[in-house]
Amino acid sequence: MVILGISGNSHPRGNRWPLRWQKRINIPNAGLAKLAPDLPTKAGSPIPPFQLQFRFAAREDWRLISVVQRRERVLLRMNKPILVTGGAGFIGSNFILRWFEQEQTPLINLDKLTYAGNPRNLVSISSDDRYQFVHGDIGDRELVTRVLREQRPQAIVHFAAESHVDRSILGPDDFIQTNVVGTFNVLEQVRAYWSELSEPEQQDFRFLHVSTDEVYGSLGPSDPAFRENTPYSPNSPYSASKAASDHLVRAYHHTYGLPTLTTNCSNNYGPYQFPEKLIPLVILNARRGKPLPIYGDGQNVRDWLYVVDHCEAIGRVLAEGKPGETYNVGGWNEKKNLEIVETICGLLDDFCSQDPVVPHRNLITFVKDRPGHDRRYAIDARKIERELNWRPRETFESGIRKTILWYLENEKWVNEVTTGAYRQWIEKQYST
């Protein structure tokens, strides 16, 4: 199996084309030998996967410019399911929806359904025979053990976490219990499960921990972007709890040999995001003619990553990442908070010219800055691009347009999460 891809300077993103422009084909031994005679293959051995990059000169003229051996780990071949924790949340539900679009492997979703967990995000796949939902807490050791032993997953993607900085400042206890103690509980039960697997199963197993760039602290205006070896310097109870969980995951790899992977992402946005976060809050408040609150002077900088791109990156790390490694996942979109809000207002002026207040930017209101507000985040995502050939498909301009249109087209979902109707549905659906 090889991967054919186009490489050339004519593409707006430089010398890499998105995966949709790549094609997988089979090339026999003889054909591969002609294309790349210097490949270190042994006689009679199966041909490993390679990435073949061609330069496009004319419609029928493809020239080989490089051959890069890639590590093969194809989740499509997995007969056993994967287990996702926190899959009813914003990123988790987007990951699951994408998973069923792209993969055939079964998936179990373990979620406590806190205020930000909404099973209706997954209604489109809820009747799929490959999907199973388990209502429960990652802090429940007996439950986690039972799920592992009964379902026998070959991989775990750990999303479950409290993630809102403001909430962590007002009440850090939930963040410590879920992000630190909860992750520890999962790791302990996974370690026990993994130790009982056969050697080939142990080698194939993966535990992928999804984390944040906030563990690295705050950057100055001219500081280089966060890299995977940037020292941790968390400044909020939320980021401190995620830093602790990152360290636990690392320790379980180096101490026990558990094949772990960690991703640290920048600010996500997109469909199904709970409206306590900046972008959905601004969209919904602007539509209703309510103030658009901006902390401080609005000059805080974040790197913005469209959630579907993030989910694709997680899938790539799960399939091809090296155990024990960390991969930063960013959108290459550094924006000031004020710029984000003004961009949303401008698009809403075009889409919703009959709203109560237009132009929507007249609703912008500067409020007192929150304690410990980091000034700038920026992600250097060259490692995942270089080693796993991943790069985001969306620019901020394309991603924010898709996001706004999604919220405008899904008013029923918006009304349910803002009125608490979905919480009433959860209590009825999962009452004991």
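These legends go with close-up views of the predicted model. Residues are numbered from 1 along each chain as its sequence is written, and side-chain values use heavy atoms, leaving out hydrogens and water. Because the model is predicted, local features need pLDDT of at least 70 and side-chain atom pairs count only at pLDDT 80 or more, while totals for chains, interfaces and linings use all residues.

**View A. The largest nonpolar core.** Here are 64 residues, joined as buried Ala, Val, Leu, Ile, Met, Phe, Trp, Tyr and Cys through side-chain atoms within 4.5 Å. Buried means under 20% relative accessible area, exposed over 50%, and partly exposed in between (1.4 Å probe, protein chains only). Phe95, Leu107 and Ile384 are among the residues with the most contacts inside this core. Beyond its neighbours within four places in sequence, Ile384 is in contact with residues including Val317, Tyr327 and Trp390 (contact: heavy atoms within 4.5 Å).

View B. Salt bridges (a side-chain nitrogen of Lys or Arg within 4 Å of a carboxyl oxygen of Asp or Glu) link Arg287 to Asp355, with closest N and O atoms 2.9 Å apart, and to Glu411, at 3.7 Å. Asp355 is buried at 10% relative accessible area, whereas Arg287 is partly exposed at 26% and Glu411 is partly exposed at 44%.

View C. Glu387 and Arg386 meet in a salt bridge of 3.9 Å, N to O. Glu387 is partly exposed at 43%; Arg386 is exposed at 52%. Elsewhere, shared partners join Arg227, Asp380 and Arg382 into one salt-bridge network.
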